[in-house]
Amino acid sequence: MKQNLHPTYGPVVFRDASAGFTFLTRSTLAGSTDSGPGRPTATIEWSDGQTYPVVDVEISSASHPFWTGSARVVDTAGRVEKFRQRYAKHNKSNDSKGGN
């Protein structure tokens, strides 16, 4: 007897809260499986009146800089300064020991 190894495939809503963007698609997250993450516990009512499981994502095509055409400003000068401050004590202790 063959066992059905394929996961359940059904409708799921993915929601990008940072962009206020939601889309309905089909996914294996619709079913509960022993080996997978299982069905999301949160639900949302869609415009067709049906209730679907919802998965919150951090980034989607609506918020990703590649798709939106807007780049994020990265404060590299601030990061470098934080690094120097963090390791200033370390360098001083090495200098007193005769290190580089």
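**View 1. Asp-16 and the residues it touches.** Leaving aside residues up to four places away in sequence, Asp-16 touches Phe-21, Val-57, Glu-58, Ile-59, Ser-60 and Ser-63. Asp-16 has a relative accessibility of 1%, so it counts as buried, the cut-off being under 20%. Please keep in mind that this is a predicted model.

View 2. Strand E1 covers residues 10-16, and Asp-16 is part of it. Five of the seven residues of E1 are buried, so the strand is largely enclosed by the rest of the structure.

**View 3. The hairpin of E1 and E2.** Here E1 pairs with strand E2 (residues 21-27) in the antiparallel sense, over seven bridges. Look for Asp-16 again: Phe-21 in E2 stands opposite this residue. Four residues lie between the two strands of the hairpin, where Gly-20 takes a positive phi near 65 degrees.

**View 4. E1 alongside E4.** With strand E4 (residues 51-57), E1 pairs in the parallel sense, over four bridges. In this pairing, Val-55 of E4 stands opposite Phe-14.

**View 5. Stepping back to the protein.** Two helices and four strands make up the set of elements in the protein, and along the sequence they follow the pattern β-β-β-β-α-α. Of the 100 residues, 18% are buried. The accessible surface comes to about 8400 Å², with 51% of that belonging to carbon and sulfur atoms. Among contacts with a separation of 6 or more, 33% join residues 24 or more positions apart.

Definitions and conventions. Residues numbered from 1 in each chain as written. Predicted model: local features only at pLDDT ≥ 70, side-chain atom pairs only at ≥ 80, totals over all residues. Heavy atoms only, no water. Buried < 20%, exposed > 50% of the residue type's maximum accessible area, 1.4 Å probe, protein only. Contact = heavy atoms within 4.5 Å. Areas by Shrake-Rupley, 256 points an atom, 1.4 Å probe, with all protein chains shown as cover. Pairing = 2+ DSSP bridges.
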